[in-house]
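Welcome! Please take a moment to look over the sequence and the model shown here, and then we will walk through them together.

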Amino acid sequence: TAEKLKKPRWIKAKLPKAKDMHRVTELKNIMREKGLHSVCEEASCPNLGECFGHGTATFMIMGDICTRKCPFCDVTHGRPKALDTNEPKHLAETVQAMKLKYVVITSVDRDDLRDGGAQHFTNVVTELRNSLPSLRIETLVPDFRGRLSIALETLAQSAPDVLNHNLETVPRLYEEARPGADYQASLDLLKRFKAMKPNVVTKSGLMVGLGESMEELLQVMRDLRAHDVEMLTVGQYLQPSEFHIGVKKYWTPDEFKQVEEAGYEMGFTNVASGPMVRSSYHADLQAKELAH
Ligand code: SF4
Ligand code: SF4
């Protein structure tokens with residue numbers, strides 16, 4: 001039915017804990033001073049208190065206008081602006097001022113750029129590495145449709161600690177939920193990057209609640225393992241507005257637990273599975289055991 005599902009009790013925003021409040025305010029102030037915005041704030045992420053409290057934040061590079069229009073996503077669609085060549089330096093300064101320990105760098109899709117923005121990603125990682133040697137860096141990259149080979153070669157010129165690329169949903173729902181994306185191409189991206197940079201941990205994320213079955217989800221997880229992916233996040237899709245694709249089902253905490261257990265059985269080194277898990281949730285804790 002088109003009727004809106006009622007949110008179950010386990011879907012609730014977590015208020016920052018008192019001990020994290022101070023840090024949240026401090027980090028927000030620094031970002032305002034530097035004129036930067038985190039995905040954490042823009043997406044009103046329910047984990048903001050925890051993540052900022054741990055010194056983790058996610059930033060979007062290459063602007064805030066995307067060349068695609070995925071029906072689950074709240075990012076503005078349109079013609080992006082030219083790349084800001086000062087962005088790597090500017091971001092490094094901000095991360096330093098915020099004293100972050102773990103940073104997730106993501107971007108909109110830039111189908112307008114010859115390399116999809118891979119060189120810019122590499123510039124950002126290189127700048128962060130050079131100015132902040134102890135910072136852990138996770139890149140959450142788009143699919144570089146139609147330019148995967150050149151993008152991979154460019155991305156491999158720098159090494160984040162973790163390379164994340166989200167499959168988002170099961171292949172049957174790609175046409176509806178990820179138009180323009182290709183399931184196998186995303187798997188190939190992950191596998192090929194791992195082959196080029198064996199020391200970088202690879203990671204992927206899935207949303208549930210779009211109509212997929214448990215078995216379909218488990219098959220995607222097996223596919224990820226078959227493409228050497230090591231870390232996994234699984235979280236509930238929530239509809240950003242009535243104009244976005246609807247929630248078909250709220251997965252129960254028990255089902256998330258089953259997914260987690262199945263993931264460990266398949267050999268993922270780390271699985272974060274829960275209603276409020278986001279692709280960068282507890283990224284710092286997940287990656288804690290990784291050696292440089
Ligand atoms: Fe930010 Fe990701 Fe943490 Fe949410 S889960 S607050 S987006 S780092
Ligand atoms: Fe959102 Fe990414 Fe889709 Fe762009 S490509 S609309 S940023 S999910």
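Is F144 buried or exposed? At 2% relative accessibility, F144 counts as buried, where buried means under 20% relative accessible area, exposed means over 50%, and partly exposed lies in between, with a 1.4 Å probe and protein chains only. You will find F144 in the loop between β5 (136-140) and α6 (148-155). Its phi is near 50 degrees, a positive value in a residue other than glycine. Most residues other than glycine have a negative phi.

Before we go further, a word on how to read all this. This is a predicted model, in which local features need pLDDT of at least 70, side-chain atom pairs count only at pLDDT 80 or more, and totals for chains, interfaces and linings use all residues. Residues are numbered from 1 along each chain as its sequence is written, chains are lettered from A and ligands numbered from 1 in the order in which they are written, and side-chain values use heavy atoms, with hydrogens and water left out.

Now step back to the whole protein. Its secondary structure comes to 11 helices and nine strands; helices (H or I, at least four residues) and strands (E, at least two) are DSSP runs, numbered from the N terminus. The radius of gyration is 18 Å, close to the 19 Å that the globule rule gives for 292 residues, so the protein is as compact as a globular protein of that length. Here the radius is taken over C-alpha atoms, and the rule is 2.2 Å times the number of residues to the power 0.38. Along its principal axes, the C-alpha trace spans about 50 × 45 × 40 Å.

Buried residues make up 54% of the 292 residues. The protein exposes about 13,900 Å², and carbon and sulfur atoms supply 53% of that area, as computed by the Shrake-Rupley method with a 1.4 Å probe. Among contacts (heavy atoms within 4.5 Å) with a separation of 6 or more, 77% come from residues 24 or more positions apart.

Let us turn to the strands. Strand β1 (residues 56-61) is mostly covered, with five of its six residues buried. β1 pairs with β4 (residues 102-107) in the parallel sense over six bridges; two strands pair if DSSP finds at least two bridges between them. Along this pairing, T58 has V104 as its bridge partner, and I61 stands opposite S107. On another side of the story, β4 and β5 run parallel and are joined by five bridges, and V104 has E138 as its partner in β5.

In a regular strand the side chains alternate between the two faces of the sheet. In β4, Y102, V104 and T106 point one way and V103, I105 and S107 the other way, and all are buried.

What surrounds the ligands? Around ligand 1 are C40, C45, N47, L48, C51, T58, S280 and Y281, each with a heavy atom within 4 Å of it. The shell of ligand 1 divides into five nonpolar, three polar and no charged residues. Ligand 2 is surrounded by C66, R68, C70, F72, C73 and D109, and by class that shell has four nonpolar, no polar and two charged residues. In this scheme Ala, Val, Leu, Ile, Met, Phe, Trp, Tyr, Cys and Pro count as nonpolar, Asp, Glu, Lys and Arg as charged, and the others, Gly among them, as polar.

W251 is found in the loop between β8 and α10 (253-266), and W251 is buried, with a relative accessible area of 2%. Leaving aside neighbours within four places in sequence, its contacts include W10, V208, M214, Q236 and F256. W251 and Q236 are 15 residues apart in sequence and 6.8 Å apart in space, C-alpha to C-alpha.

D228 lies in the loop between α9 (214-226) and β8 (231-236). At 34% relative accessibility, D228 counts as partly exposed, and its phi is near 65 degrees, a positive value in a residue other than glycine. Not counting residues up to four places away in sequence, D228 touches K191, K194 and T202.
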